[in-house]
Amino acid sequence: AQAIFAQVAWPEVDKTCICSPLLAAVVMATQGNEVHATVQVPQVQVMGKVIGWETGGLPAGVPEGSRFVHETHIGAKTTAVAVVGCCCCGCLSLLIFACPIDERDVYIAPNGSKYTKDGARIE
């Protein structure tokens with residue numbers, strides 16, 4: 001908690017007619033022209049399981065020197081778009097394979113092989 005002190009020009013208030021508990025607390029905290037307030041600063045909390053490069057280690061099965069990347073690949077969504085597109089546009093829809101829409105997080109080893117974030121090798 002941090003204390004904040006500010007100089008304000010505070011008019012005289014009749015303390016018997018204050019309806020709000022918060023306003024009453026502010027009026028009661030004033031001493032002369034000085035207002036004393038305590039502010040709670042929220043703390044950052046990390047939640048969830050942290051893996052891989054964030055902790056400085058690699059999952060079991062991933063070679064040393066691998067880098068963690070987010071990539072696009074040909075998967076179920078890309079294939080579904082191509083199949084539906086073939087019904088509408090014919091063979092022209094197969095161009096979707098040049099720009100896949102599926103995404104995943106992988107480790108890429110120095111030799112080019114890919115691994116999932118859990119350490120399983122992707123063929």
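Modeller: Let us begin with a definition: a helix is a DSSP run of H or I with at least four residues, and the elements are numbered from the N terminus. Please keep in mind that this is a predicted model. Just after α2, Gly90 takes a positive phi of about 75°.

Biologist: How many helices and strands does the protein have, and in what order do the elements run?

Modeller: The protein has two helices and seven strands. Read from the N terminus, the order is β-α-β-β-β-α-β-β-β.

Biologist: Which residues of α2 are buried?

Modeller: A residue is called buried when its relative accessible area is under 20%, and exposed when it is over 50%. In α2, the buried residues include Thr78, Ala82 and Gly85. They lie on the same side of α2, because they cover an arc of only 70° around the axis. The cover over the buried residues of α2 includes β4 (67-73) and β5. On the face turned away from the buried side are the exposed residues Ala76, Lys77, Val83, Val84 and Cys87.

Biologist: How many salt bridges does a search of the whole structure find?

Modeller: To count as a salt bridge, a side-chain nitrogen of Lys or Arg must lie within 4 Å of a carboxyl oxygen of Asp or Glu. The search finds three. In one of them, Glu71 pairs with Arg104, with 2.7 Å between the closest N and O atoms. Glu71 is in strand β4 and Arg104 in strand β5, so this pair ties together parts 33 residues apart in sequence.

Biologist: Is Glu71 buried or exposed, and what other partner meets its side chain in a salt bridge?

Modeller: Glu71 has a relative accessible area of 12%, so it is buried. Its side chain also meets that of Lys114 in a salt bridge, at 2.9 Å from N to O. This pair links distant parts of the chain, 43 residues apart, with Lys114 in strand β6 (residues 114-116) and Glu71 in strand β4.

Biologist: Which residues form the remaining salt bridge?

Modeller: Arg121 and Glu123 form it, with their closest N and O atoms 3.9 Å apart. Arg121 is partly exposed, at 49% relative accessibility, whereas Glu123 is exposed, at 84%.

Biologist: Let us turn to the surface. Which residues form a nonpolar patch there?

Modeller: Nonpolar side chains are joined into a patch when they lie within 5 Å and each residue has over 30% relative accessible area. Here Ile74, Leu94 and Phe97 form such a patch, with about 250 Å² of accessible area together. Phe97 lies in the loop between α2 (76-89) and β5 (102-108). At a relative accessible area of 33%, Phe97 is partly exposed.

Biologist: What are the totals for the protein as a whole?

Modeller: Of its 123 residues, 21% are buried. The accessible surface comes to about 9,300 Å², and 61% of it belongs to carbon and sulfur atoms. Among contacts between residues at least 6 apart in sequence, 63% join residues at least 24 apart.

Note on methods. Residues numbered from 1 in each chain as written. Predicted model: local features only at pLDDT ≥ 70, side-chain atom pairs only at ≥ 80, totals over all residues. Heavy atoms only, no water. Buried < 20%, exposed > 50% of the residue type's maximum accessible area, 1.4 Å probe, protein only. Contact = heavy atoms within 4.5 Å. Areas by Shrake-Rupley, 256 points an atom, 1.4 Å probe, with all protein chains shown as cover. Patch = residues over 30% accessible without salt bridge, like charges linked within 9 Å, V, L, I, M, F, W, Y side chains within 5 Å. Arc of directions from axis to C-beta.
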